Amino acid sequence: MKKFFVLIAAAIVCMSASAQVQFGAKVGFDMTHFWGEDAPSGWQPNYQVGLMMEYKFNPKFAIAPEVVFAAQGGKETDNIDVEEVPGMVEAKGTFHTNYINVPLMLKFYATPAFSIDFGPQVGFNVYSKMTASGKAGNIEAKETVDLKDMTNTVDFGLGLGATYNLTNNAFVQARYNLGLTKVFEDSQVKNGNLQIAFGMKF
């Protein structure tokens, strides 16, 4: 019986080694924006943090699912004419639409250290607000509006990027995520997210 359990343990170790499964964590800097008809044109600095797993089923291909919290959104600045206010009013709108994103990336290893990554992503909105501010002369005003009820809960998109393994454990990653579904129910605005991340595999 003891030999049987030794054989089972050895088989599990061999399977794990051959599968080349690695877990890890990453953190990154993002530049996010909206795109689509009448979308605000400004880019906004943001961040991401999350967990990942990579299953390398042969030297060239791997699958890498992730769970990432990503702060997203966009912004717009414009000068408008308000009848009640003399001169032009500088109006700014900053959107904060944060998500739990779950990408599933297919990785093609062009070299042992460098992979091209592509795959779908589904995101779940957890926070959606807009901060609007205006300035005319020495007069300033600011207000934050909750947009949660106007924001679609689920966001589908596609990601394309690359990963470079600095060591067997450390990596850097660049990716662009293109949203394919509307962020807000009454508009054609969609998410865009350019990411630069650093991570560690364990």
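Good morning. The model is a prediction, so local features are taken where pLDDT is at least 70 and side-chain atom pairs at pLDDT 80 or more, while totals for chains, interfaces and linings use all residues. Residues are numbered from 1 along each chain as its sequence is written, and side-chain values use heavy atoms, with hydrogens and water left out.

Let me begin with the layout. The protein chain holds one helix and nine strands; helices (H or I, at least four residues) and strands (E, at least two) are DSSP runs, numbered from the N terminus. Starting at the N terminus, the order of elements is α-β-β-β-β-β-β-β-β-β. Of the 202 residues in the protein chain, 37% are buried. Buried means under 20% relative accessible area, exposed over 50%, and partly exposed in between, with a 1.4 Å probe and protein chains only. The areas come from the Shrake-Rupley method with that 1.4 Å probe, and for residues only the protein chains shown count as cover.

I turn now to the strands. Strand β1 (residues 21–35) pairs with β2 in the antiparallel sense over 12 bridges; two strands pair if DSSP finds at least two bridges between them. Within this pairing, F29 stands opposite Y47 in β2. Strand β2 covers residues 44–56 and has two faces. Its covered face consists of Q44, N46, Q48, G50, M52, E54 and K56, whereas P45, Y47, V49, L51, M53 and Y55 make up the uncovered one.

Side chains of opposite charge can pair when their charged atoms come close. Here, a salt bridge is a side-chain nitrogen of Lys or Arg within 4 Å of a carboxyl oxygen of Asp or Glu. The whole structure contains four salt bridges. One of them joins E66 and K26, at 2.9 Å from N to O. E66 belongs to strand β3 (residues 61–81) and K26 to strand β1, 40 residues apart. Both residues are buried, and K26, E66 and R175 are linked in a network of salt bridges.

Another salt bridge connects D117 with K107, whose closest N and O atoms are 3.3 Å apart. D117 sits in strand β5 (residues 114–136) and K107 in strand β4 (residues 88–109), 10 residues apart. D117 counts as buried because its relative accessible area is 1%, and K107 is buried at 3%.

Is Q173 buried or exposed? Q173, in strand β8 (residues 170–179), counts as buried because its relative accessibility is 7%. The C-alpha atoms of Q173 and S115 are separated by 9.5 Å, although the two residues are 58 apart along the chain.

Finally, the surface. D146, D149, E185 and D186 gather there in a patch of negative charge. Patches are made of residues with over 30% relative accessible area and no salt bridge, like charges being joined within 9 Å. Asp and Glu count as negative, and the place of a charge is taken as CG of Asp or CD of Glu. D149 lies in the loop between β6 (139–146) and β7 (154–165). With a relative accessible area of 74%, D149 is exposed.

How values were computed
Patch = residues over 30% accessible without salt bridge, like charges linked within 9 Å, V, L, I, M, F, W, Y side chains within 5 Å.
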